[in-house]
Structures are given as structure tokens and as C-alpha cells.
Amino acid sequence: MTPPAHTSRLPSLTGMRFLAAALVFAVHGAAAGAFRDIGAAADYFRFFGNAGALGVSFFFVLSGFVLTWSVRPTDTTTAFWRRRLLKIFPNHLVTFVIALALLALTGTAVATHQTVITLFLLHAWMPDSSYVEAANNVSWSLSVELLFYLSFPLLIKAINKIRPRHLWYAAATTAALVILVPALAQHLLPGTPHYSFLPVSWTQIWFVYVFPAVRLLEFLLGMIMARILLTGRWINLPIVPAAALTLVAYLVPIYVDHNPLFNYAAFTIIPLALLITATAAADVQGRRTLVNTRPMVWLGEISFAFYLVHYLVLKFGHRAFGAQPNIFGQPSGPAWSTPVAIAFLLGCFALSIVAAWALYATVERPAMRRWSRPKNSRPQRSDPQPHSVPADTH
């Protein structure tokens with residue numbers, strides 16, 4: 001395969017971002033406690049319980065892939081950090097304030113220290129579940145992404161030094177480390193007290209799923225896979241087999257007894273890396289895919305905003321109907337018949353899309369256009385806009 005140009009756009013990866021965000025929505029919908037039928041609730045949670053982990057892992061690998069793909073040889077570290085911080089902080093600040101307002105309206109106590117740490121996106125470094133649960137719960141992944149962005153200028157220099165013929169060895173080694181992490185957590189960290197209904201401790205979950213230094217491995221794998229495609233070392237695996245491998249890797253743990261720590265990334269990391277690269281290769285070759293259509297690309301563009309608003313819509317939309325604990329013992333809403341519960345989740349999904357569009361149109365896109373570059377480097381209004389590459393986060 002001919003090495004692609006750096007200017008090639010990757011619309012299919014943009015479209016896939018929304019599918020990943022939808023998977024995260026699915027797991028939070030499973031945890032909401034909207035189903036009165038215990039069997040229906042169990043079936044829903046069994047099938048979607050690992051969906052969020054798959055979606056988050058996709059985002060982390062994708063982040064490394066797209067940043068490496070779109071790196072600018074003339075870029076400065078300061079300019080890069082400026083764009084990345086403007087990508088995540090405006091949306092984070094708005095949803096952070098909205099979350100605090102909703103907590104106040106529902107009379108929910110707010111832990112000051114945890115909330116301040118969350119504001120500055122440092123909470124993923126804290127091995128205490130109260131930090132992840134402060135304000136807008138899903139923002140912990142932005143704390144992880146912040147490490148990615150701060151370390152990328154140094155990491156890209158190291159990745160670029162790997163000889164092309166050694167890239168697959170580097171990818172295999174990195175994937176092996178991701179798979180090894182749950183085993184390390186299982187044997188080296190205390191397994192009690194158990195977190196909620198899971199047979200593992202929060203300390204173990206935090207180390208495998210939340211700890212930024214560990215999740216950096218997935219980011220590194222994405223960087224390496226981008227280099228494999230850029231240097232013409234890709235094996236030309238089509239999208240369909242790569243997607244099938246990902247689906248199998250997701251389904252097998254549902255039916256096989258295992259330690260749940262392996263759900264967070266270990267089972268799916270290799271298929272995900274292959275799927276992302278295969279999808280990018282299809283875009284480079286100009287092939288049409290199910291996810292590079294105009295509607296899917298638009299949904300992908302608002303996927304970061306969707307990711308940040310969907311949990312608030314689910315959580316407080318449910319509480320608007322009444323208060324009772326969910327499966328984690330946290331305040332939630334009433335349980336309904338299966339058709340009503342499904343209708344509620346679909347309504348929240350649609351409302352999340354609308355809210356995401358509003359956040360994207362009024363906050364994310366204007367902030368990026370106005371402040372992502374220094375004034376002296378911005379094009380005049382009459383200048384044509386350069387082609388863009390897909391955003392690297394949610």
C-alpha cells in the first residue's frame with residue numbers, strides 16, 4: 001500500500017466516534033435502573049455492561065491515531081497544546097457548571113475538594129471513586145486525555161524514531177502490556193472491599209480503567225498504528241473482518257466466566273486497533289463506508305458534546321420522575337415496565353443529540369474557531385478554510 005499523504009481526511013473515523021459515544025450511553029442506560037422487570041434489566045446489563053469500556057478504549061486508541069496522523073511538521077508545542085485545551089475545556093466548563101446547577105436543584109450534596117479537583121481535570125489521578133463521581137461523572141476521561149495531550153509532543157518524537165520494519169513489533173508489545181495490566185492489578189492490588197456488585201475492588205478498577213498512566217498505553221498503540229499506515233506497513237485487512245473480530249471480542253466475555261478487570265480494554269484492544277486502522281485505510285483509498293456518510297459524519301462531529309451531556313440527561317432526566325436508588329445505590333428514578341423503560345432511554349438518547357448539537361454549535365465550534373490559533377495566524381474572512389482532519393477525542 002502506498003504511504004498516504006498527511007492531508008488525507010478520515011471521515012469514517014469521525015462517524016465511528018458517534019458509535020463509540022452511543023456505546024457509552026448504552027452502559028449508563030443499563031445502570032440507570034429504569035427497568036422494573038428484573039429479567040429484562042439483567043439481560044440489558046449483561047449485553048451492554050461492557051459497552052462503555054469498549055467505547056472509551058476506542059476513543060483512547062483513536063486519539064493517538066488521529067493526533068499522529070494529523071501532526072504538523074511546522075507546529076509548535078505551544079500551538080498544539082493551545083488547540084487541544086480549547087478542544088476540551090470550553091465544553092467541560094459548561095457541562096461542569098450545568099452539573100453543579102442540577103445537583104443543587106435536586107438537593108444533592110457537593111464535595112468541595114473533589115469538585116475543585118474535577119474542575120481542573122485532575123480527578124482521574126485520585127484512587128478514590130468519589131472523585132470520578134463528582135460533578136459530571138464522565139469527565140474523568142478528559143483527565144486522561146489531558147495527559148495524552150501534554151505528553152504527545154515528546155511521544156511523537158520517540159514514535160517517529162521507530163524504524164518502519166519494527167512498528168508491528170512495537171504495536172504487539174504495547175498491546176501485550178495493555179493485556180497484562182489487569183493481571184497485575186489482580187495479583188498486586190487489594191481485591192477487597194468489593195466495589196458495588198463486582199468481585200473486584202475500586203482500587204483495581206481505578207488502576208485498570210481510570211489511571212491515566214495506564215491508559216496511555218492505548219494512546220501509544222493508536223500512535224503506532226497510525227505510523228504503520230503512514231509508512232505503508234498496513235496489512236490491508238478489510239473493515240468487515242476487523243469489525244467481526246471486535247464484535248467477537250466483545251461478545252465472548254459475556255458468556256465466559258472471567259475476571260471483570262479484563263473487560264476494560266484487554267479483551268478488545270487488538271481488534272480495536274485493527275478496526276481503526278482498517279477504517280482509516282478505507283478512507284485513504286477513497287472507499288465508501290457505512291460511517292462516512294454525511295449524517296454519520298455530522299453525528300461524529302457532535303460526539304464529544306454528546307459524550308459530555310448524555311449522562312446528565314440520563315441521570316437528571318430520570319430523577320425528574322422521582323427518586324430511588326439505582327443498582328449502585330445512588331439516587332436515580334423510578335422503575336417502569338420494559339416498553340416504558342425503553343421509550344425513556346430512546347427519549348434520553350434523542351434529547352442528548354439535541355443538547356449535544358446545541359453545545360457544539362454554541363460553545364465547542366465557536367471556541368475552536370475564535371481562539372484555537374493566535375490572531376496573527378488566523379486567515380481573513382475572505383480566505384478559503386483549510387480542510388480539517390477528524391477531531392481526536394469524543
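Q: Starting with Arg 83, is that residue buried or exposed?
A: Arg 83 is buried, because its relative accessible area is 12%, and buried means under 20%. Please note that this is a predicted model.

Q: Which residue forms a salt bridge with Arg 83?
A: The partner is Asp 75, and the closest N and O atoms of the two are 2.4 Å apart.

Q: And Asp 75, how does that one count?
A: Asp 75 counts as partly exposed, because its relative accessibility is 26%.

Q: Why can side chains pair up like that?
A: Side chains of opposite charge can pair when their charged atoms come close.

Q: How many salt bridges does the structure hold?
A: There are 4 salt bridges in the structure.

Q: What does Lys 87 meet in a salt bridge?
A: The side chain of Lys 87 meets that of Glu 364, at 2.5 Å from N to O. This pair links distant parts of the chain, with Lys 87 in helix H4 and Glu 364 in helix H15 (residues 338–371), 277 residues apart.

Q: Are those two buried or exposed?
A: Glu 364 is buried, with a relative accessible area of 2%. Lys 87 is buried too, with a relative accessible area of 6%.

Q: What about Glu 218, which residue is its salt-bridge partner?
A: Glu 218 forms a salt bridge with Arg 215, and their closest N and O atoms are 2.5 Å apart.

Q: Where do they lie?
A: Both Glu 218 and Arg 215 lie in helix H10 (residues 212–230). They are 3 residues apart, about one turn of the helix. Glu 218 is buried, and Arg 215 is buried as well.

Q: Changing topic to helix packing: what describes two packed helices?
A: Two packed helices are described by the angle between their axes and the distance between the axes.

Q: At what angle do H4 and H5 pack, then?
A: Helix H4 (residues 77–105) and H5 pack at an angle of about 160°, and their axes are 11 Å apart. H4 is therefore roughly antiparallel to H5.

Q: Which residues meet there?
A: On the H4 side they are Phe 89, His 92, Leu 93, Phe 96 and Leu 100. In H5, Thr 115, Thr 118 and Leu 119 meet them.

Q: How about H13 and H15, what is their angle?
A: Helix H13 (residues 294–301) packs with H15 at an angle of about 70°, with the axes 10 Å apart. H13 is therefore roughly perpendicular to H15. From H13, the contact involves Trp 298, Leu 299 and Glu 301. From H15, it involves Ile 353, Trp 357, Tyr 360 and Glu 364. Glu 364 is also the residue whose side chain meets Lys 87 in a salt bridge.

Q: On to the loops: where is Leu 121?
A: Leu 121 is placed in the loop between H5 and H6. Its phi is near 55°, a positive value in a residue other than glycine. Leu 121 counts as buried, because its relative accessibility is 0%.

Q: And Leu 122, where is that?
A: Leu 122 is in the loop between helix H5 (112–119) and helix H6 (129–132). Leu 122 counts as partly exposed, because its relative accessibility is 39%.

Q: Which residues form a nonpolar patch on the surface?
A: The patch is formed by Val 116, Phe 120, Leu 122 and Trp 125. Together they have about 370 Å² of accessible area.

Q: What is Ser 143 in contact with?
A: Leaving aside neighbours within four places in sequence, Ser 143 is in contact with Leu 121, Leu 122, His 123, Ala 124 and Trp 125. Ser 143 lies in helix H7 and is buried, with a relative accessible area of 1%.

Q: What is the phi of Ala 135?
A: Phi of Ala 135 is near 55°, which is positive although the residue is not glycine. Ala 135 lies in the loop between H6 and helix H7 (140–160). Ala 135 counts as buried, because its relative accessibility is 7%.

Q: Last one: is the peptide bond from Thr 192 to Pro 193 cis or trans?
A: That peptide bond is cis, with omega near 0°. Pro 193 is in the loop between helix H8 (167–188) and helix H9 (202–210).

Conventions:
Residues are numbered from 1 along each chain as its sequence is written. This is a predicted model: local features need pLDDT of at least 70, side-chain atom pairs count only at pLDDT 80 or more; totals for chains, interfaces and linings use all residues. Side-chain values use heavy atoms; hydrogens and water are left out. Patches are made of residues with over 30% relative accessible area and no salt bridge: like charges are joined within 9 Å, nonpolar side chains (Val, Leu, Ile, Met, Phe, Trp, Tyr) within 5 Å. Accessible areas come from the Shrake-Rupley method with a 1.4 Å probe; for residues, only the protein chains shown count as cover. Helices (H or I, at least four residues) and strands (E, at least two) are DSSP runs, numbered from the N terminus. Buried means under 20% relative accessible area, exposed over 50%, partly exposed in between (1.4 Å probe, protein chains only). Axes are lines fitted to C-alpha atoms, for helices over the stretch in contact, and angles run from 0 to 180 degrees between N-to-C directions. Angles under 35 degrees count as roughly parallel, over 145 as roughly antiparallel, 65 to 115 as roughly perpendicular and the rest as oblique. Contact means heavy atoms within 4.5 Å.
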